[in-house]
Amino acid sequence: MAGHTPAALSKYKERSFAMDEVWKPVVGFENRYEVSDMGRLRSLPHETEIYRRKGKPYTLKKRGAYLVPQPRQHGYMAVWLYGNGGNNGRAGKQYSVHRIVAEAFLPNPNGYSEVNHINEDKTDNRACNLEWCTHKENSNHGTRGARIGAKNRANNELRRTSQCK
């Protein structure tokens with residue numbers, strides 16, 4: 001699997017999965033991909049029509065496979081999805097795994113816009129670890145506020161002690 005970071009591969013392969021894992025179609029890609037309640041994604045077997053510049057078009061048969069998520073800039077896991085989704089099958093687009101899982105498994109009756117990781121582990125994309133929330137709730141969740149506050153207090157103290165008297 002060229003191009004995948006070793007850390008992402010090893011964590012993905014090491015995680016043990018339940019035998020009663022539930023699979024649902026990915027919203028917007030119902031005929032191409034499935035997502036599980038354990039946060040895994042897989043492509044479904046499908047046929048793609050390929051057009052040559054000269055000659056007849058032919059059909060390429062693809063086998064289904066598990067997708068290996070990659071970490072994004074801020075630590076959230078993402079996958080590239082292609083096909084009958086948002087880009088009309090021409091090009092792929094990167095999607096956050098936690099959002100795909102939440103859209104498939106979690107009801108969102110209040111129409112919240114963000115998905116929160118309850119245990120604050122951005123790589124733990126199990127449905128039981130996710131919840132829909134507002135931006136304010138997501139920002140205030142967990143220890144993030146305390147960590148930022150401690151950092152700001154330390155910076156303020158450093159500024160006070162370094163000023164000339």
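Is Glu34 buried or exposed, going by relative accessibility? Glu34 counts as buried, because its relative accessibility is 18% and buried means under 20% relative accessible area, exposed over 50%, and partly exposed in between (1.4 Å probe, protein chains only).

1. Basis. This is a predicted model, in which local features need pLDDT of at least 70, side-chain atom pairs count only at pLDDT 80 or more, and totals for chains, interfaces and linings use all residues. Residues are numbered from 1 along each chain as its sequence is written, and side-chain values use heavy atoms, with hydrogens and water left out.

2. Overall make-up. The chain has four helices and 11 strands. These are DSSP runs numbered from the N terminus: helices are H or I with at least four residues, strands are E with at least two. Of the 165 residues, 31% are buried. Contact here means heavy atoms within 4.5 Å. Among contacts with a separation of 6 or more, 41% join residues 24 or more positions apart.

3. Glu34 and Arg42. These two residues form a salt bridge, with the closest N and O atoms 2.6 Å apart. The term requires a side-chain nitrogen of Lys or Arg within 4 Å of a carboxyl oxygen of Asp or Glu. Arg42 is partly exposed, at 23% relative accessible area. The charged end of Arg42 also sits over the ring of Trp23, 3.9 Å from the ring centre. That label needs NZ of Lys or CZ of Arg within 6 Å of the ring centre and within 35 degrees of the ring normal.

4. Other salt bridges. The whole structure holds four salt bridges. One of them joins Arg126 and Asp124 at 2.8 Å, N to O. Asp124 is buried at 6%, whereas Arg126 is partly exposed at 26%. Another links Arg99 and Glu103, with the closest N and O atoms 3.8 Å apart. Arg99 and Glu103 are four residues apart in helix H2, so about one helical turn separates them.

5. Aromatic rings. There are three aromatic pairs. Rings of Phe, Tyr and Trp (its six-membered ring) pair if their centres lie within 6.5 Å; planes under 30 degrees apart are stacked, over 60 edge-to-face, and the rest tilted. Trp23 and Tyr66 form a tilted pair, 6.0 Å centre to centre with 50° between the planes. This pair links distant parts of the chain: Trp23 is in strand E1, Tyr66 in strand E6, 43 residues apart. Phe29 and Tyr33 are edge-to-face, because their planes stand at 75°, with centres 5.8 Å apart. Phe29 is buried at 4%, and Tyr33 is buried at 6%. Phe29, Tyr33 and Tyr95 form one aromatic cluster.

6. Nonpolar core. A nonpolar core is a set of buried Ala, Val, Leu, Ile, Met, Phe, Trp, Tyr and Cys residues joined through side-chain atoms within 4.5 Å. The largest has 20 residues, and those touching the most other members include Val26, Leu41, Val79 and Leu81. Helix H2 (97-105) is one of the elements supplying at least two residues of this core. H2 gives the most, with six. Seven of the nine residues of H2 are buried, so the helix is largely enclosed by the rest of the structure.

7. Val79. This residue lies in strand E8 and is buried, at 3%. Beyond four places away in sequence, Val79 touches residues including Leu41, Leu67, Tyr95 and Ile100. The C-alpha atoms of Val79 and Gln94 are separated by 5.5 Å, although the two residues are 15 apart along the chain.
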